[in-house]
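Reader: Please take a close look at one part of this predicted model. I would like the charged side-chain pairs and what surrounds them.

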Amino acid sequence: MPEGTLLAPSLSPTNEFPMTVPCPQCWDLVETKVEFSAGALTYFLAILLIMFGFICFACIPCCVNVCKDAHHFCPKCHYCFGVYKRLNLSQLQEDAIGALGLK
C-alpha cells in the first residue's frame, strides 16, 4: 500500500435515513442518497394481505417506502455503500439456527 493512502471504514447502513460518510471511491465526505426498492418485507406483507382476504390492499406495501429496503449511494460517484434491509432473511436464519443449537 502506498504511503499516505487512507482506508475508508467499512460502513453498513443501519436505517433508511441519509448518513454522512467518507466515500471510499471519490474520497469525499458525502451525505448518502437513499433509494428505495421492494424487498422481502414488501412481498411478505403483500402475501399476508392476500392470505387474509385484503386483495385490494395488497399493492400498498409496494407503494410505501416504510415497507421497502433502503439503498445508500454516493451522490457524486454513485458508489453503493450498502442496503438497509427491513427484513433480513439471512439474519433470521442465523438466529433460528443458533436458537436450535445446530451451529
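Author: Start with lysine 76 and aspartate 28, whose side chains form a salt bridge at 2.3 Å, N to O. Lysine 76 is exposed, because its relative accessibility is 55% and the cut-off for exposed is over 50%. Aspartate 28, at 28%, is partly exposed.

Strand 4 (residues 69-73) and strand 5 (residues 80-84) run antiparallel, joined by four bridges. Six residues lie between the strands. In that turn, histidine 78 has a positive phi of about 65°.

The salt bridges come to three in total. Another joins the side chains of glutamate 16 and arginine 86, at 3.4 Å, N to O. Glutamate 16 lies in the segment before strand 1 (20-22), and arginine 86 in the loop between strand 5 and helix 3 (89-100), so the pair ties together parts 70 residues apart in sequence. Glutamate 16 is partly exposed, with 23% relative accessibility.

There is also a salt bridge between glutamate 35 and lysine 33, at 3.1 Å, N to O. Glutamate 35 is partly exposed at 37%. Lysine 33 is partly exposed too, at 33%.

How values were computed:
Residues numbered from 1 in each chain as written. Predicted model: local features only at pLDDT ≥ 70, side-chain atom pairs only at ≥ 80, totals over all residues. Heavy atoms only, no water. Pairing = 2+ DSSP bridges. Helix = DSSP H or I, 4+ residues; strand = E, 2+ residues; numbered from the N terminus. Salt bridge = Lys/Arg side-chain N within 4 Å of Asp/Glu carboxyl O. Buried < 20%, exposed > 50% of the residue type's maximum accessible area, 1.4 Å probe, protein only.
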